[in-house]
Amino acid sequence: MNTKQRTIKAEVSVSGTGLHTGEKVTLTFRPAPENHGFKFRRIDVEGQPIIDADVDNVTDTSRGTTITQNGASVNTVEHVLASLVGLELDNILIDLDGPETPIMDGSSLQFIDALVEVGFKEQDADREYFSIPYNIHYSEPDRKVDMVAMPLDDYRFTCMVDYNSPVLGSQHASISTITEFRREIASCRTFCFLHELESLLKHNLIKGGDINNAIVVVDRDVNQEELQHLATLFNRKDIDVAPQGILNNIELRHQNEPARHKLLDMIGDLALVGVPLKGHIMAARPGHAANIAFARKIKALIKKERSKKSFYHYNPNAKPVYDTVQIMNILPHRPPMLLIDRIMELTKTHVVGVKAVTMNEPFFAGHFPGAPVMPGVLQIEAMAQTGGILVLNTVPDPENWLTLFLKIENARFKDKVLPGDTVVFQCDLLAPIRRGIAQMKGVGTVGEKVVVEAELMAQIVRYKNA
């Protein structure tokens with residue numbers, strides 16, 4: 001059973017300050033059409049540029065995840081994106097009137113609450129998951145970071161953190177399915193160590209400072225004078241160290257809240273892969289930089305797998321649409337210039353042809369006979385003949401027409417074609433045929449390897465009277 005894509009029923013806004021910029025900002029979630037995905041829009045910048053929530057747009061991971069596109073950036077996107085993934089939403093436009101998402105209470109809870117309040121709308125298009133096909137590993141040995149994505153017909157997370165801290169110790173967090181995010185993970189706040197907080201304050205990098213935005217782990221002895229200084233910085237009467245080894249400005253929502261928040265960050269960062277995933281993600285000592293590197297590795301695999309699926313897989317036992325004799329009833333070419341043996345698929349916009357290359361080809365007698373390679377120009381000619389079948393399929397008497405190629409662009413030869421290879425040529429229209437002129441993209445493959453590609457423009461002209 002297919003799962004449908006989802007958006008929200010109406011727009012909804014939340015307001016707060018950016019943790020690092022200290023600027024007041026309003027974030028508005030807006031419904032978006034099918035296949036839109038997650039996009040941010042900087043409405044405070046001229047032209048209101050759009051920034052796609054895509055791992056290719058990540059420009060900084062030092063204090064949260066920053067994405068940049070079209071001359072604009074958005075800082076600290078992970079908590080917002082985690083809320084969207086946790087609610088299994090697909091299509092949302094996120095308007096911001098500042099450079100950073102509001103930190104709120106340091107978790108995803110207030111974003112979740114706002115989205116739940118307006119409700120969800122099922123859309124017509126199916127949700128297309130990417131299922132992790134095999135174990136994908138990522139590691140940084142020097143930082144003892146290890147991550148793996150494993151096949152699973154669900155979205156499951158397991159996270160371990162270990163900072164060699166006597167306060168935190170080693171912590172684990174997990175969810176067995178993404179539907180547990182709202183209950184188990186969304187409310188878990190960001191955390192930092194006291195020495196990190198002091199460094200950020202010293203360098204004026206935590207201007208949105210409200211100490212209730214984060215769990216502060218006290219990783220060294222502090223005296224009363226230092227505690228009073230912290231209280232002054234955060235406009236509080238006093239601050240002390242709680243028995244759990246954290247500042248007593250807040251109480252932990254879960255004993256392992258830091259590990260749960262790391263899991264939250266991981267979900268938000270992996271949303272930048274751009275498609276909903278199915279798999280079990282396990283991570284030891286994750287952080288934003290590692291999350292993004294891992295997301296890039298997964299996205300590269302997605303691109304590779306989708307590229308494979310887009311190519312025709314030739315089965316020599318399958319019945320062709322046209323065999324060699326039938327092709328000669330359509331094309332005027334004859335051996336040795338007939339370079340297509342079979343047509344395997346043919347629609348109004350798409351054609352697949354096959355060429356079996358043997359050592360008996362006449363061109364091998366003069367083209368590197370000691371190291372035979374099919375000439376690139378003849379690969380293009382074979383592709384053109386395949387495309388010619390597609391174009392001639394639009395007229396009732398194809399045998400009375402010629403296909404003349406007007407232009408060849410962006411031709412690339414990516415690997416050698418050798419005797420014994422079977423080349424599959426796939427041509428797809430780039431635009432509807434107008435006045436007998438067709439524009440198409442052609443790709444030639446041997447197995448799963450692309451050997452040639454080009455963009456072709458052709459025109460059909462009558463050369464015989466009907």
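**Getting to know a predicted protein model**

Reader: What share of the contacts with a separation of 6 or more comes from residues 24 or more positions apart?

Author: A contact here means heavy atoms within 4.5 Å. Taking the contacts in the protein with a separation of 6 or more, the share from residues 24 or more positions apart is 70%.

Reader: Good start! What kind of model is this, and how are its residues numbered?

Author: Residues are numbered from 1 along each chain as its sequence is written, and side-chain values use heavy atoms, with hydrogens and water left out. The model is predicted: local features need pLDDT of at least 70 and side-chain atom pairs count only at pLDDT 80 or more, while totals for chains, interfaces and linings use all residues.

Reader: How many helices and strands does the protein have?

Author: Both are DSSP runs, numbered from the N terminus: helices are H or I with at least four residues, and strands are E with at least two. By that rule, the protein has 9 helices and 24 strands.

Reader: What percentage of the residues is buried?

Author: Buried means under 20% relative accessible area, exposed means over 50%, and partly exposed lies in between, using a 1.4 Å probe and protein chains only. The protein has 466 residues.

Reader: Which strands form the edges of the open sheet of 3 strands?

Author: Two strands pair if DSSP finds at least two bridges between them. In this open sheet the order is E6-E7-E8, with antiparallel pairing. The edge strands each pair on one side only, and they are strand E6 (58-60) and strand E8 (72-74).

Reader: What is the bridge partner of valine 58 in E7?

Author: Let's follow the pairing of E6 with strand E7 (residues 66-69), which is antiparallel and has 2 bridges. Across from valine 58, the bridge partner in E7 is isoleucine 67.

Reader: Are helices H1 and H6 roughly parallel or roughly perpendicular to each other?

Author: Two packed helices are described by the angle between their axes and the distance between the axes. Axes are lines fitted to C-alpha atoms, for helices over the stretch in contact, and angles run from 0 to 180 degrees between N-to-C directions; under 35 degrees counts as roughly parallel, over 145 as roughly antiparallel, 65 to 115 as roughly perpendicular and the rest as oblique. The axes of H1 (residues 78-86) and H6 (residues 257-270) come within 7 Å and cross at roughly 80°. H1 and H6 are therefore roughly perpendicular.

Reader: How many nonpolar, polar and charged residues are in the contact of H1 with H6?

Author: H1 brings Glu78, His79, Leu81, Ala82 and Val85, and H6 brings His261, Leu264, Asp265, Ile267, Gly268 and Asp269. Ala, Val, Leu, Ile, Met, Phe, Trp, Tyr, Cys and Pro count as nonpolar, Asp, Glu, Lys and Arg as charged, and the others, Gly among them, as polar. By class, the contact has 5 nonpolar, 3 polar and 3 charged residues.

Reader: Is histidine 261 buried or exposed?

Author: Histidine 261 lies in helix H6. Leaving aside residues up to four places away in sequence, histidine 261 touches His79, Gly106, Cys188, Arg189 and Thr190. Its relative accessible area is 1%, so histidine 261 is buried.

Reader: How many bridges join E20 to strand E22?

Author: Strand E20 (residues 350-356) is mostly covered, with 6 of its 7 residues buried. A hairpin of 3 residues joins E19 to E20, and strand E19 (residues 342-346) pairs with E20 in the antiparallel sense over 4 bridges. E20 also runs antiparallel to strand E22 (residues 422-429), and the number of bridges joining E20 to E22 is 7.

Reader: Where does proline 336 lie?

Author: Most residues other than glycine have a negative phi, and most peptide bonds are trans. The bond from proline 335 to proline 336 is cis, with omega near 5°. Proline 336 lies in the loop between helix H8 (324-328) and E19.

Reader: What is phi of asparagine 35 near?

Author: Asparagine 35 sits in the loop between strand E3 (24-31) and strand E4 (38-42). Asparagine 35 is exposed, with a relative accessible area of 60%. Its phi is positive in a residue other than glycine, near 65°.
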